[in-house]
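Work through the exercises below with the model open beside you. Try each task before reading its solution.

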Amino acid sequence: MANTTYRMCGGLAVMPGHDMAMLERMSAKGWHVTGVNRALLYRFERGEPHGFDYAVDFQRDFSEEARELYGLGGWEPVVLGPGWQIVRAEAGTTPLYTDDDAEAETLRESRKGLGLRALLCAVAAALLFVLQSRLSAQGNEPASWACLAACMVLAAGFVFSLFPFVGYTRSLRKIHAEQEADPRC
C-alpha cells in the first residue's frame, strides 16, 4: 500500500472551511497532511488514524513568537506557505480564533493590495494582448509570441491575486454578518 497520496486544494482563501474539513476526514482515516505542492495538491502521508482539528491562518509573518503562542494554545504548524499556515490540534481544542475582530484584522491585512494587484495584472495583460495582435498583424512573430507569453504570466498573476481577494472578502463579509446577527455585539 502506498504511503503517500495527494488531494486537490480547494483554495485556502476561497474555501478554507471545506479544505479544513477534508484534512480532518483524511486524518481520521490515517492520512496526515505534510505539504502543498506547486500544483496545489495536498500531500498526505500514511499514519495512525487520529482526531485532529485543522485551521488555516493568514499571517504574513509567522514568527517564532507566533509559533510559540500557537503552541501554548495546543496548535502546531503542519504546512507553511507564503502568507498562510495550516495548523492542527487535538480534536476539541479551543479554536484558533475566539475573537472575530482579530480574525477579521488578519483577513484584512492578507487582502490588502490583492485587489489592486489583480486589476493591474488584468489591465497589463489586456494591453499586451492588444500589442500582441498588432505585432502579429505586422508579421513580427517573435515579438508577438513574447507578448503572448508575458500576457499569460500576467493572467496567472491576475488569477492568483483575484481568487484570494474574493475569498478574503467573502470571509470578512461572513464575519460581519455574524456580528450583526449576534445580539451580544
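This is a predicted model: local features need pLDDT of at least 70, side-chain atom pairs count only at pLDDT 80 or more; totals for chains, interfaces and linings use all residues.

Residues are numbered from 1 along each chain as its sequence is written, and side-chain values use heavy atoms, with hydrogens and water left out.

**Exercise 1.** Work out the strand order of the sheet that holds β1, β2 and β3.

Solution. 
- Start with the elements. Strands (E, at least two residues) and helices (H or I, at least four) are DSSP runs, numbered from the N terminus.
- Next, the pairing rule. Two strands pair if DSSP finds at least two bridges between them.
- β2 and strand β3 (residues 41-46) are antiparallel and joined by 5 bridges. Within this pair, Gly35 has Arg43 of β3 as its bridge partner.
- The order is β1-β3-β2, in an open sheet of 3 strands with antiparallel pairing.
- At the edges lie β1 (4-8) and β2 (31-36), each pairing on one side only.
- From one strand to the next, the twist averages 35 degrees.

**Exercise 2.** Do likewise for the sheet that holds β4, β5 and β6.

Solution. 
- Strand β4 (residues 52-57) pairs with β6 in the antiparallel sense over 6 bridges. Ala55 stands opposite Val87 in β6, and Val56 opposite Ile86.
- Strand β5 (residues 76-81) also runs antiparallel to β6, through 5 bridges. Here Val79 stands opposite Ile86.
- The β5-β6 hairpin has 2 residues between the strands, and Gly83 takes a positive phi near 85 degrees.
- β4 and β5 are the edge strands, each pairing on one side only.
- The twist averages 20 degrees from one strand to the next.

**Exercise 3.** Decide whether Gln85 is buried or exposed, and list what it touches.

Solution. 
- Locate Gln85: strand β6. That strand (residues 84-90) is mostly covered, with 6 of its 7 residues buried.
- Apply the cut-offs. Buried means under 20% relative accessible area, exposed over 50%, and partly exposed in between (1.4 Å probe, protein chains only).
- Gln85 has 2% relative accessibility, so Gln85 counts as buried.
- List the contacts (heavy atoms within 4.5 Å). Leaving out residues up to four places away in sequence, Gln85 touches Ala55, Val56, Asp57, Phe58, Gln59, Phe62, Val79 and Leu80.

**Exercise 4.** Find how helices α3 and α5 pack, and which residues of theirs make the contact.

Solution. 
- Axes are lines fitted to C-alpha atoms, for helices over the stretch in contact, and angles run from 0 to 180 degrees between N-to-C directions.
- α3 (residues 100-111) packs on α5 (residues 141-181) at an angle of about 160 degrees, with the axes 9 Å apart.
- Therefore α3 is roughly antiparallel to α5. The classes are: under 35 degrees roughly parallel, over 145 roughly antiparallel, 65 to 115 roughly perpendicular, the rest oblique.
- α3 contributes Asp100, Asp101, Glu103, Ala104, Leu107, Arg108, Ser110 and Arg111. α5 contributes Phe165, Tyr168, Thr169, Ser171, Leu172, Ile175, Glu178 and Gln179.
- Sort these contact residues: 6 nonpolar, 4 polar and 6 charged. Ala, Val, Leu, Ile, Met, Phe, Trp, Tyr, Cys and Pro count as nonpolar, Asp, Glu, Lys and Arg as charged, and the others, Gly among them, as polar.
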